[in-house]
Amino acid sequence: MRQPDGSSAVLTTRIETMLAWARKNSLWPLPFGTACCAIEFMSTVSSHYDLARFGAEVVRFSPRQSDMMIVAGTITDKMAPVVKRVYDQMAEPKYVISMGACACTGGFYRAYHVVQGVDEFIPVDVYVPGCPPTPEALIEGVLKLQELIQRGETQYDRLASKGRHVTDSSA
Amino acid sequence: MKTAATVNVEPSRPGLLSRLYVPAILGGMAVTMRHFLRNLLGQKDVATIQYPEERREYSDRTRGRHILTTRDDGSLRCVACYMCETNCPADCITIVAEEDPEATVEWEKRPLSFEIDLLRCVFCGYCVDACPKEALIMSRHHEMAFTTRDEAIVGIEDLKQKGPIENEDLGYRPYY
Amino acid sequence: MTDSLRKAGMSQTALLELFPGGDTFDAHTASDGFVEMLVDRSRLVDVLKTLRNHPDLACDLLLDICGVDHPERDQRFEVVYHLTSLDKGHRFRIKVPVAEDEPSVPSAYGIWKAADWFEREAWDMMGIRFDGHPNLRRILTHEAFQGHPLRKDYDPAQRWVLTESETMVPDWVTERPEDEDHFETQILNLGPSHPATHGTLRIVVRLDGEVITRAETEIGYLHRCFEKMSETHGWNEVIPYTDRLNYCSAMNNGVGYALGVESMLGVEAPPRAQVVRLILCEFSRLMDHAVCLGANLVDLGALTNFWYFFQPREEIYSLLEACAGGRLTVSYARIGGLAQDVPHDFSSRVRQLLRTIPKFIDDVDRLVTSNRIFRDRTEGVGVMSAAEAVAWGWTGPCLRASGVPFDLRRELPYLGYDQYEFDIPVATTGDCYARYLVRLEEMRQSLRIIEQAIERLPGGPVITDNHHVALPPKSKVYSEMESLIWHFKLIYDGIKVPPGAAYTATEGSNGELGFYIIADGSGHPYRLKVRPPCFAIFQAYSHMLEGHLVSDAIAILGSLNIIAGELDR
């Protein structure tokens with residue numbers, strides 16, 4: 001609900017709250033799983049923890065049909081262009097959860113082929129620590145993202161309020 | 001000395017019944033319906049843990065967030081010996097030592113700053129194994145989510161034990 | 001001479017006589033049971049051919065090829081070949097020194113197809129050229145990478161950025177095949193971000209309708225520089241890194257590595273540690289097979305089995321977490337034993353698991369094994385004959401499904417496997433269905449081994465009391481000065497492994513997981529080469545695909561159980 005110049009339109013606060021409520025409760029994840037964290041992500045969507053209870057029922061591997069990208073696992077320099085491309089293909093509003101030490105900061109791989117944190121080239125909303133994070137930690141991360149969406153404080157909101165598209169933020 | 005026998009797992013040729021689709025479908029449906037009805041009627045046996053209202057019981061060796069323990073007078077037990085920093089495979093601990101004015105004959109230094117980058121940490125527990133003073137242990141608290149990377153670099157104030165040690169949710173402690 | 005050569009009635013001189021010019025070689029038996037030969041580059045092809053073709057030697061399985069960098073020597077590099085004979089049990093290590101100004105050796109691809117990717121990796125990591133190799137390109141690092149990372153003068157943190165325009169495109173993509181009829185073929189890229197690729201694999205295929213006419217795989221999307229990291233970290237600090245190799249069965253890797261280092265140190269873990277390691281390794285094998293079959297079935301459309309298999313996985317996680325503190329990445333093994341003793345209720349928990357897990361395996365069995373749809377989709381798909389599998393360097397359940405009964409738990413027992421009664425399932429058809437059956441049966445056999453092992457769990461310590469190797473117990477560190485000094489020395493200086501080299505192999509969930517460890521007397525490994533079972537298996541994949549449909553390609557990929565952490569390290 002933004003004007004082209006980025007300012008907020010009149011009488012939209014209620015609608016924005018409702019939109020935020022709808023968005024946060026229907027986050028469809030794009031699990032960008034590369035390594036061990038992907039296995040813990042699989043545990044999270046399995047019967048024991050069941051991420052579907054939070055609205056993330058539809059786990060789509062297609063960027064066009066998802067709004068939350070969970071980067072689960074180490075991103076190497078070879079994989080980085082792929083992550084960027086998949087992220088660019090997602091439709092806005094889009095959110096990113098960086099799951100695990102490797103995706104957040106490179107973890108203990110201070111090495112010649114590992115990206116030291118996926119926020120080198122995409123904006124991240126929530127960082128979930130752990131190696132791998134337990135399913136509860138990941139669900140906590142999703143809950144925190146839901147909180148941010150409700151308050152309008154995600155990276156998408158921050159950049160949209162400046163009238164810029166999220167994909168411009170590659171710095 | 002036993003030697004393992006080789007056993008052939010070739011399947012038998014499919015009989016008429018298994019070549020028809022319907023019996024296999026019915027058999028499969030029977031298995032899934034059994035699970036479904038068990039979940040529907042016996043609510044308490046459902047495998048799903050209703051987080052965040054219900055939490056799973058983790059063992060008392062879980063490697064979660066670190067705790068810097070204190071002595072009875074409230075000062076940190078840590079003597080800034082740098083063992084944890086050396087043993088850490090991720091190099092996520094940064095200590096700056098200073099002379100402790102309240103030192104007795106048993107130690108000389110204390111940490112001026114003790115920072116752990118929780119986003120670098122791989123929660124392997126090697127720092128706890130390395131500490132000769134049981135000054136650094138781990139709790140069972142593993143649900144942390146941060147919005148920025150700087151928020152995850154925790155110092156003495158965040159890591160310090162709050163209150164008596166029995167009240168903390170203790171996890172991994174050193175044995176060897 | 002090794003036992004296997006003695007059994008064949010061969011002495012050292014008789015062995016050397018088999019090779020042309022053999023009197024000029026140096027051959028001796030190394031401490032790890034391998035016959036080690038130092039061969040000059042000019043004689044290499046003759047030696048390798050004799051090793052493969054001579055009926056008394058019959059080294060048909062190429063295990064590993066790697067390069068080692070010794071900057072202080074005149075001949076800087078050393079190319080090391082590890083070979084084994086499946087029938088006779090011989091194990092050979094061939095070392096070829098190579099100088100820096102001309103770092104090339106003849107390729108072994110014509111002798112064993114398994115040399116394909118191993119030589120590409122040696123080129124990528126060390127810069128050793130293999131003359132005659134059909135496709136000597138970088139395999140693990142990316143196209144824009146410069147330098148050879150495992151050389152000693154390469155800074156571990158030196159990165160190179162890859163932009164999208166520089167990603168690898170196979171040469172044949174732009175060619176038009178001559179026998180193409182009037183319908184065009186299409187190039188399709190499967191992965192690396194694809195729901196069915198089980199991680200980060202990329203397959204480029206040329207499609208004629210839905211039939212694949214040519215394929216090429218690209219790996220390295222999860223190359224996390226394990227070998228370089230192990231050179232910069234202490235011996236015990238490598239263990240968390242080994243957990244992330246085959247992350248579906250983390251315990252196996254740590255134990256395999258610890259066994260290797262322990263053999264070099266001459267230290268043995270106490271009996272209680274051996275039995276606990278065995279029990280947890282078998283549980284890890286079960287978990288790995290559960291994920292493999294679950295994911296394979298998901299790709300074929302059978303989602304329910306995935307949920308059913310994750311239940312036992314969660315329960316094993318609880319057990320591992322109670323022992324080690326971590327669910328997936330346990331870091332439980334230490335050099336000399338285990339990190340801590342098992343909890344008091346370990347035996348009862350294991351027995352409880354032995355009662356509950358078979359139900360889930362039986363459920364999946366009932367749903368899937370005689371299911372017509374599953375059989376149609378997997379029988380006759382991805383057939384690999386025994387001879388081909390051995391030529392490609394396959395080991396593990398995939399090799400056993402092709403009819404070769406090779407299992408290291410029986411051939412070279414470790415952790416006391418020869419004391420237990422279990423069966424080794426083997427199938428003969430070598431297709432996806434056979435691999436499924438072999439894995440399902442192996443899960444049941446793992447439970448059988450655990451049942452026997454838990455009855456024999458002895459008491460005693462779980463780590464050696466040799467304080468040059470293992471940390472003393474904290475109760476002593478807090479009270480005794482001597483223990484405190486041992487503690488300090490071990491943390492600061494690390495374990496001092498005497499200079500030497502050893503190749504130790506264990507039966508990982510996917511096959512022979514080998515660790516070739518070279519120590520130089522300092523507190524961290526000089527060179528640690530991992531022989532990943534998936535690497536040898538996956539190199540055959542692009543050749544298996546020709547003539548299959550795209551959906552078959554996915555079914556085959558699932559049945560091979562490719563774990564990217566192990567494949568790319």
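Helices (H or I, at least four residues) and strands (E, at least two) are DSSP runs, numbered from the N terminus. Everything below comes from a predicted model, where local features need pLDDT of at least 70, side-chain atom pairs count only at pLDDT 80 or more, and totals for chains, interfaces and linings use all residues. Residues are numbered from 1 along each chain as its sequence is written, while chains are lettered from A and ligands numbered from 1 in the order in which they are written.

**View 1. Two cis prolines in chain A.** Start in the loop between helix H3 (80-89) and strand S3 (95-99) of chain A, where A:Pro93 lies. The bond joining A:Glu92 to A:Pro93 is a cis peptide, with omega about -5°. For another cis bond, go to A:Cys131 and A:Pro132, where omega is near -10°. A:Pro132 belongs to the loop between strand S4 (126-128) and helix H5 (135-151) of chain A.

**View 2. Chain A as a whole.** Six helices and four strands make up the element list of chain A. Read from the N terminus, they go α-β-α-β-α-β-α-β-α-α. How much of chain A counts as buried? Of its 171 residues, 57% do; buried takes 20 or more other C-beta atoms within 10 Å of a residue's own, exposed takes 12 or fewer, partly exposed is in between, and the C-beta atoms are placed from the backbone. Two residues are in contact if their C-beta atoms, placed from the backbone, lie within 7 Å. Among chain A contacts between residues at least 6 apart in sequence, 78% join residues at least 24 apart.

**View 3. Positive phi in two loops of chain C.** C:Ala58 is not a glycine, yet its phi is positive at about 45°. Look for C:Ala58 in the loop between helix H3 (44-53) and strand S3 (61-69) of chain C. It has 17 other C-beta atoms within 10 Å, so C:Ala58 is partly exposed. C:Cys225 isn't a glycine either, and its phi is positive at about 60°. This residue sits in the loop between strand S10 (211-218) and helix H5 (226-232) of chain C. C:Cys225 is buried because 26 other C-beta atoms lie within 10 Å.

**View 4. Around C:Thr50.** C:Thr50 is part of helix H3 of chain C. With 16 C-beta neighbours inside 10 Å, C:Thr50 counts as partly exposed. Leaving out residues up to four places away in sequence, C:Thr50 touches C:Leu18, C:Phe19 and C:Leu57. C:Thr50 and C:Phe19 are 31 residues apart in sequence, and their C-alpha atoms are 6.5 Å apart.

**View 5. Helix H20 of chain C.** Nine of the eleven residues of H20 (residues 550-560) of chain C are buried, so this helix is largely enclosed by the rest of the structure. Among the buried ones are C:Asp552, C:Ile554, C:Gly558 and C:Leu560.

**View 6. Where chain C meets chain B.** Here 47 residues of chain C are in contact with 42 residues of chain B. Elements of chain C that each supply at least two residues to this side include helix H10 (346-368), strand S13 (423-426) and helix H15 (432-455). Strand S1 (residues 5-8) of chain B and S13(C) pair in the parallel sense over four bridges; pairing requires that DSSP finds at least two bridges between two strands. B:Val7 stands opposite C:Pro425 in S13(C).
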